[in-house]
Structure formats: C-alpha cells, structure tokens
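Open the model in your viewer and keep the sequence panel beside it. The tour below goes from one selection to the next and says what is there.

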Amino acid sequence: MRMKWMLWIPVFLGSALCCLSIVQAEEQVCAKTPLDRDRLKAELSLVRGESKAQPGWPRSVRYVDRQYDFRTDTFAEEEKTFEVKKKPIRIIAHAVGVTEILWAICPRERIVAFNDLAADPKFSFIPDEVRRRGPIFRTPETELVLGYQPDLVFTVFYSSVEFKEKLSQAKVRFFDLGYFGTMESIQYQTLLIGRLIGEEGNAEALVRLIDEKIREIRERLPQTGKSPRVLYYDENGYVPGRTSNFTSICEIVGARNVGEEQGIKSWIQIDHETLLKWDPDIIVVPEESHLKNLLMTNRILSHARAVREGKVYSMPGIYLRVDSQYMILSANELAGIVYAEMGKTSP
Amino acid sequence: MILSSFLAGLVLLGAFFALCYGSWQIEFRSVLHVLLARVGLYAGEVDAVENTIVWDGRLPRYLVAFLVGFSLAAAGTIMQGIFKNPMADPGVIGISSGAALGAVSALYFGLAARSLVALPLAAIAFSLVTLVTVFLIATTRGHTSVATLLLTGIALNMIFGALTSFIIAMSTREFDVGRVIVTWLMGDLNNRSWEHVQIVFPTTVLAVLGTLFFVKDLNILMIGEETAANLGVNIPLARNSLLLFSSIMTGGAIAVAGVIGFVGLLAPHMVRALIGPDNRKLVPIAGLMGAAFVIYADLFVRLVVQVDLKVGVLTSILGGPFFLVLIVRYRKRFEYL
C-alpha cells in the first residue's frame with residue numbers, strides 16, 4: 001500500500017494526454033476544383049448507354065486476367081474464358097470498387113446485397129445510397145451472402161480463399177477480378193463487368209464518360225508547361241510508387257508522382273531526410289492523419305520547398321484509396337489542390 | 001575495463017556512421033562544424049540544411065537508439081538478477097505489453113496523430129498502471145512475493161496481449177491506422193526527434209542512477225533472501241526500487257521506439273559470460289552492449305537495407321541465433337543463476 005501514491009502518476013499522465021488531444025482543428029483546404037464535385041459524382045454514379053453488339057445468353061466471355069505480384073513487381077497475364085448461362089439478376093460484389101462500378105452501370109434492383117465497406121464513408125463514395133438500399137453483409141459473413149442466393153458474385157484478389165471455396169461448395173458462380181490500380185485497368189474491368197452482367201452498353205458509356213471527364217479536367221488546368229512534382233506522405237511515412245493509384249491520379253492532372261519518379265514500385269517508408277532530398281513541389285497527406293500540422297512544424301522539413309511555400313495539403317483518405325470510376329473525383333480534387341495557388345481553375 | 005572501452009569505442013564509431021551517412025550527402029567536416037557550432041566552438045559558416053539534418057534528424061535518432069538500447073539491456077540485467085531467472089527480460093512482469101497496449105490505444109484513438117508526445121506518454125502511463133497493478137496484487141501485508149509478481153506478470157501479459165490483438169483486429173479495417181500500429185509494434189526509430197530524446201533521457205538517467213544506488217543489494221539478493229536479510233539488506237525496499245527503475249527504463253524505451261525484442265535478454269547474457277555476474281559492472285556494461293546493438297541494428301536498417309525491415313525485427317533475427325550460440329558455448333557459466 002506504500003505504493004499507492006504511484007496511482008497518481010498515470011492519472012497525471014492521462015490528464016496530460018487529454019490536454020494534448022484538445023488541439024485546434026486543422027485548417028481545411030477546400031480548393032476550387034476544375035469540375036463541380038457534386039455534379040461530377042452524380043454523373044459518374046448513374047450511366048446508361050446502348051451497345052452495338054449484344055450477344056445473347058448463354059455467353060462465353062473471353063478476357064485477360066491480369067494479376068499484380070507486389071513481391072516481384074510483375075504482372076501475370078492469362079487469357080481466360082468465363083461461361084455465363086443466363087443473364088445474372090442477383091448480383092453481389094465483395095469489394096467497394098466493384099460495388100461502385102455496378103452502382104453506375106447495373107440496374108440497382110439486380111444488386112441484392114452490399115459489402116459493409118461500401119456503406120462506410122471512409123471507403124465508399126456511395127455510403128448513404130448503399131445504406132438506404134441495403135441489405136448489408138460484413139466481409140466474413142459468407143452464410144449471409146449464400147442466403148441472398150446470388151447468381152453471380154464478384155470477388156477480388158484479397159477475397160479469402162475460404163470465402164471462394166464456400167461459394168464453390170454452394171454452387172454459386174463467382175468471378176475473380178484482376179488488377180484495379182490504374183484508370184486504364186479500372187476501365188478494362190468496367191467493360192468486363194458490363195459483358196458479364198449483360199450491360200455492355202452502360203459499361204461502354206461509363207468508360208466514354210471517364211475519358212470525357214479526364215479531357216475536361218485537363219482542358220481546365222492552367223497550361224504552365226511544367227508538371228508539378230507531388231508527393232503523397234502518410235502518417236507512418238509511407239509513400240506510394242508506380243503501381244499505386246496515386247500515380248494514375250497524378251497522370252490525369254498532368255502532375256508527377258514523386259514516389260514513382262524515385263523508382264518506388266508499390267509503397268515504401270521514407271524518413272524526413274529523404275523527403276527533404278526529394279524536395280517535392282507539393283505534399284499531400286491524408287486528412288484524417290492530422291499530419292499537416294506536424295509536417296509544417298517539423299524542423300528538418302522546414303527546409304523543404306513544399307513546407308516553406310505552405311504547399312502541404314490534406315485530402316480525405318477515401319480519394320487516395322479509390323479503385324473505381326470515382327478516381328476521376330480524386331483527380332478533380334488533386335487538380336484543385338495542385339493548381340490552387342494559380343487561381344486559374346473554374347467550375 | 002577492456003570490454004567497456006571496446007563497447008564505448010563501438011558506440012562512438014556508431015555515432016560517426018549515424019551522423020555522417022544518410023540519404024543526404026554531408027561531409028565529415030561539415031558534421032563536425034555543425035556539432036562544434038552548436039556548442040559554441042566554431043564560429044564559421046554552417047549550411048542551414050546540413051545543420052538541421054545533423055542536429056535535428058540524425059543526432060536525436062542516434063541518441064534515442066543509444067538510450068533505448070541501454071535502457072532495455074540494463075532493465076533486462078536487473079530482471080534476471082531479481083528473479084534469478086536467465087529467461088527473465090524487461091517484459092517479464094507485463095511492463096512491455098502494458099506499454100505496447102498504451103501506445104497502440106493512442107494510435108487507434110488518433111491521439112498519436114495529434115502530437116509527437118501523445119504516444120510515448122500513453123505508453124509510459126500504461127506501463128506505470130501495469131507496475132502498480134502488479135505490485136498491488138503481489139503485495140500482502142507489506143510483503144511482496146516474487147512468485148506472485150511473476151505469475152501476475154504472466155496474466156497481465158496475456159490480457160494486454162489479447163487487448164492489443166483486439167485493437168489490431170479492429171484497425172485492419174482502417175488500412176492506414178492498421179499499418180501504423182503494426183509498424184510500431186515491430187520497433188521503429190524512423191523520424192525520431194529531440195522530443196523523443198526528452199522523454200527517454202530522463203527515464204534512463206533517473207532509473208540508471210537509482211539502480212546503481214541499489215546494485216550492491218542486487219548482488220546480495222542473488223545469493224538468497226535469507227543471506228541478504230542477514231547482511232542487513234532492506235529486501236522489500238531494494239527489490240521494489242529495482243523493479244520500479246527497471247519498469248521506468250522499459251516503459252521509456254518502448255514509449256519512443258516500440259517493441260524492440262531480445263536486447264534485454266541477449267545483452268546481459270553476453271556481458272555476463274565475459275565479465276561474470278557482478279551487477280555493479282554488469283548493469284552499465286550490459287547497457288553499453290545493448291546501446292551498441294540497437295545503434296548498429298538501426299544503422300543497418302537505415303543505411304544498408306533501406307526497405308521495410310524494422311529495428312525490432314532485425315534485433316530479433318540477429319539476437320535469436322546468437323543467443324542460441326551463446327547458450328551452447330557458455331552452458332556451464334549460466335549455471336550460477
């Protein structure tokens with residue numbers, strides 16, 4: 001009991017922690033974007049179009065299965081054929097990106113259930129819509145998925161083997177989608193999904209819309225003659241490289257991903273000294289990380305051009321995790337940030 | 001004397017590599033100028049960028065590595081002595097897992113993202129709560145049982161380990177948070193600054209000085225409590241103080257560097273095999289050995305590997321096999337414990 005006084009130490013430290021957590025909210029940068037955010041999102045969320053060639057059912061869908069191996073930084077490509085006996089009318093997607101694509105091109109009554117991540121605003125661009133529509137299943141709830149009696153389930157490379165095995169055992173058809181890391185790969189997968197569900201007209205229209213929006217964003221960007229060097233830096237010092245979607249987002253807006261420029265493949269952790277050496281024009285950090293204030297007050301980074309010139313911007317993490325047509329929204333945001341100081345963009 | 005001089009030289013050589021090499025090319029002369037200018041012995045021009053990189057980047061990282069290695073090794077030496085158990089390490093009574101739970105909680109609830117010192121403070125707070133809990137359970141009528149201390153430590157290790165796993169499981173949904181937590185648990189010295197030195201320096205100095213005050217008693221305690229009592233050692237005071245200092249060192253080290261394994265277990269054994277069991281020499285020299293181990297592990301990670309290998313992982317990869325070799329080679333010498 002002589003040690004009772006020591007109980008006050010954690011109490012004191014706990015109080016200190018609470019005081020620390022009461023910090024001023026970061027100044028939110030809401031840059032003017034080349035295209036109107038809400039209108040762009042609405043356009044990308046519902047697309048309808050006619051296709052010239054619409055084969056009947058059953059159909060054989062030939063496609064190139066492209067999988068990325070991050071260990072060797074290589075793509076394995078294999079030509080495959082998937083047989084679809086009849087038009088799928090009870091569809092489930094096991095990933096957010098696929099759900100978002102389906103939401104845009106598939107009649108919504110044919111999507112019979114949604115993955116819970118698609119209802120989470122940190123991961124999904126359509127959380128409210130998904131919640132309103134429902135039903136929602138959690139990723140490990142295989143039984144629930146089977147209970148909805150889908151006739152086609154879209155899985156991805158990170159869907160568990162056990163989940164796929166259960167689907168096989170229940171004789172539920174599933175299609176394993178490949179690489180989603182770039183705008184081109186998203187467009188390819190969109191067309192593939194369109195063919196699999198018999199909505200190729202809508203899928204082609206979405207791909208055309210994506211190209212059109214990329215063109216519009218680029219047209220509205222100031223022609224400076226040089227590409228700004230942008231670095232994405234997360235709370236643990238990780239930087240995305242060539243195969244990340246950030247490279248694709250940068251390419252759309254005519255910027256260069258510094259991570260890619262430095263030869264990074266997927267993701268790598270760097271220290272402040274390396275960041276200073278790379279000296280990007282602009283640093284983008286995830287908004288939820290509160291990293292902006294820490295970087296702006298860091299002594300080493302006080303010499304970095306982006307910090308000196310106040311070009312450290314926070315962006316909601318969802319824009320950096322996107323792997324669907326909404327990557328255009330990310331590009332639109334980044335364009336607003338990258339060219340904010342020039343004040344030449346207009347909605 | 002030879003061993004301590006060798007280790008001191010090794011640590012200083014480590015300082016040379018740590019300060020002179022990195023992604024930014026800085027000449028040795030410029031590094032010297034920066035250091036001398038800071039202590040007022042050089043009045044010439046010093047490049048501002050080099051000054052910041054050396055003084056605010058590389059030097060604090062080196063000092064944190066030194067203090068963390070020293071703390072863990074000294075704490076391990078004390079624990080092995082008190083529990084008369086060669087397998088005892090700084091985490092044996094749950095301090096490490098308590099600190100880890102505190103840090104992981106700070107990361108998960110977003111406190112760590114708001115301030116550099118939030119995570120270390122949370123780790124230290126949790127390690128102290130653990131210490132108090134262990135003592136409250138193990139002490140009855142003024143007597144603290146070593147066996148109960150150990151058993152309570154095992155139970156708390158399990159509880160805190162499970163809670164940490166629970167938080168990790170919840171954070172897997174938050175991709176970025178999950179990655180930060182896993183990286184921290186692997187032991188990391190990336191981007192350590194003077195704020196981290198300010199946390200681990202006082203805990204190390206205070207605890208080492210306190211330990212040295214009781215280190216003679218530790219030698220006697222290792223013979224047996226009855227003998228110690230006959231020789232006039234105040235057993236509860238000595239043992240509880242040593243446990244407190246050991247916990248402070250462990251909590252401080254984990255707070256700024258994450259979980260760095262094997263240092264607290266390996267360094268005391270290595271040194272004990274070379275100089276014998278006298279804790280008056282063992283504590284500081286094992287501390288130096290631990291410091292050198294962490295400094296060179298960090299240098300290897302930072303300058304040679306340059307990918308996602310973390311210091312804590314490397315110390316375990318190197319420490320495990322080396323420890324096995326030591327056990328085989330010095331089997332007989334460990335028998336006195």
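Helices and strands here are DSSP runs, numbered from the N terminus: a helix is H or I with at least four residues, a strand is E with at least two.

**Stop 1: the cis prolines of chain A**

Select Pro135(A), which sits in the loop between helix H4 (127-133) and strand E5 (136-137) of chain A. The peptide bond that joins Gly134(A) to Pro135(A) is cis, with omega about -10°. Next select Trp57(A) and Pro58(A): the bond from Trp57(A) to Pro58(A) is cis as well, and its omega is near -5°. Pro58(A) belongs to the loop between helix H2 (37-45) and strand E1 (59-69) of chain A.

A note on what you are looking at: this is a predicted model, in which local features need pLDDT of at least 70, side-chain atom pairs count only at pLDDT 80 or more, and totals for chains, interfaces and linings use all residues. Residues are numbered from 1 along each chain as its sequence is written, while chains are lettered from A and ligands numbered from 1 in the order in which they are written.

**Stop 2: two residues with positive phi**

Go to Lys171(A), in the loop between helix H6 (161-169) and strand E7 (174-176) of chain A. Its phi is near 60°, a positive value in a residue other than glycine. A residue is buried if 20 or more other C-beta atoms (placed from the backbone) lie within 10 Å of its own, exposed if 12 or fewer, and partly exposed in between. Lys171(A) counts as exposed because it has 7 C-beta neighbours inside 10 Å.

Now move to chain B and select Asn191(B), in the loop between helix H7 (175-185) and helix H8 (194-223) of chain B. Asn191(B) is not a glycine, yet it has a positive phi of about 60°. Is Asn191(B) buried or exposed? It has 22 C-beta neighbours inside 10 Å, so it counts as buried.

**Stop 3: chain B as a whole**

Of its 337 residues, 54% count as buried.

The mean is 88, and 97% of the residues reach 70 or more. Among the elements of chain B, helix H1 (residues 2-20) has the highest mean pLDDT (94) and strand E2 (residues 143-144) the lowest (78). Where pLDDT is low, the predicted coordinates should not be read in detail.

**Stop 4: Ile295(B)**

Select Ile295(B), in helix H12 (residues 279-305) of chain B. Ile295(B) is buried, with 28 other C-beta atoms within 10 Å. Two residues are in contact if their C-beta atoms, placed from the backbone, lie within 7 Å. Leaving out residues up to four places away in sequence, Ile295(B) touches Val11(B), Gly14(B), Ala18(B), Tyr62(B), Ala65(B), Phe66(B) and Gly69(B). Leu10(B) is 285 residues from Ile295(B) in sequence, but their C-alpha atoms are 9.6 Å apart.

**Stop 5: a helix pair in chain B**

Select helix H4 (residues 95-108) and helix H5 (residues 118-138) of chain B, which pack at an angle of about 140° with their axes 7 Å apart. The axes are lines fitted to C-alpha atoms, for helices over the stretch in contact, and angles run from 0 to 180 degrees between N-to-C directions. Residues of H4(B) in this contact include Gly98(B), Ala99(B) and Gly102(B), and those of H5(B) include Ala122(B), Ala123(B) and Phe126(B). By class, the contact of H4(B) with H5(B) has 14 nonpolar, five polar and no charged residues. Ala, Val, Leu, Ile, Met, Phe, Trp, Tyr, Cys and Pro count as nonpolar, Asp, Glu, Lys and Arg as charged, and the others, Gly among them, as polar.

**Stop 6: where the chains meet**

Show both chains. Here 34 residues of chain A are in contact with 32 residues of chain B. On the chain A side, H1(A) gives the largest share, eight residues. That side has 16 nonpolar, eleven polar and seven charged residues. For the complex, the predictor gives an ipTM of 0.77 and a pTM of 0.80.

Note on methods
pLDDT = per-residue confidence, 0-100.
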